[in-house]
Amino acid sequence: MAPFFMFATSSILGTVAAAAESWGRNIRWVSLKEGQKLAREQKKPAMVVITKTWCRACKALRPQFASNKEIEKMSNDFIMINLEDDDEPKGIDLQPDGTYYPRVVFLDHNGSVMRNVMYKKTGGYKYYYPHATAIAHNMKEVLKVSSKQRKAPLSPKGM
């Protein structure tokens, strides 16, 4: 039974890793659970990319994202989470304005959605990014905010 379990686990994890890798081979992708833990421990923001394999917009964005060197470089300063198909959890706050695809949501190091970081040119679909350069732009904005938060001195209450 143990060999079967190991095979089944490696098959499942291999599939998840392969799906995430298609969004960038040189990006370290993790699951949501692991990503939330790492973000807290490393005090890094997280970027959550939520897609579906049947989604035409996701298929169009994927090669742009994967080949964007700016995203690849900045990914080292983020915890990168890829949720595809059934990996998307139900009932948590990764749907701030609906369930459309692709959705890119930024989380602070405590796991809270950074609701003010969105693509402002898509009207009602605030977390839909039509191209990778817009994602790179918002990654820079998140890093600025995160840097300020890390440098802020503790208040007397927090000491």
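How many of the five residues of β4 are buried? Five of the five are buried, and this strand of the predicted model is therefore described as mostly covered.

**Figure 1. The open sheet contains four strands.** Their order is β1-β3-β2-β4, and the pairing is mixed. Strands β1 (29-30) and β4 (103-107) form the edges, each pairing on one side only.

**Figure 2. Strands β2 and β3 run parallel.** Six bridges connect β2, which spans residues 46-51, with β3, which spans residues 79-84. Within this pair, I50 has L83 of β3 as its bridge partner.

**Figure 3. Strands β2 and β4 pair in the antiparallel sense.** Five bridges hold this pairing. One partner pair is V49 with V104, the latter lying in β4.

**Figure 4. The side chains of β4 point in two directions.** R103, V105 and L107 point one way from the strand, while V104 and F106 point the other way. Residues on both sides are buried, in keeping with the mostly covered state of β4.

**Figure 5. Helix α3 has a buried face.** The buried residues of this helix are C58, L61, R62 and F65. Seen down the axis of α3, they fall within an arc of 120 degrees, so they line one face of the helix. The face turned away from the buried side carries R56 and S67, which are exposed.

**Figure 6. Cysteines C55 and C58 are both buried.** The cut-off for a buried residue is a relative accessible area under 20%. C55 has a relative accessibility of 5%, and therefore counts as buried. C58 has a relative accessible area of 0%, so this residue is buried as well. C58 is also one of the buried residues of α3. The count of disulfides comes to zero.

Definitions and conventions:
Residues are numbered from 1 along each chain as its sequence is written. This is a predicted model: local features need pLDDT of at least 70, side-chain atom pairs count only at pLDDT 80 or more; totals for chains, interfaces and linings use all residues. Side-chain values use heavy atoms; hydrogens and water are left out. Two strands pair if DSSP finds at least two bridges between them. A disulfide is a pair of cysteine sulfur atoms within 2.5 Å. Buried means under 20% relative accessible area, exposed over 50%, partly exposed in between (1.4 Å probe, protein chains only). The arc is that of the directions from the helix axis to the C-beta atoms.
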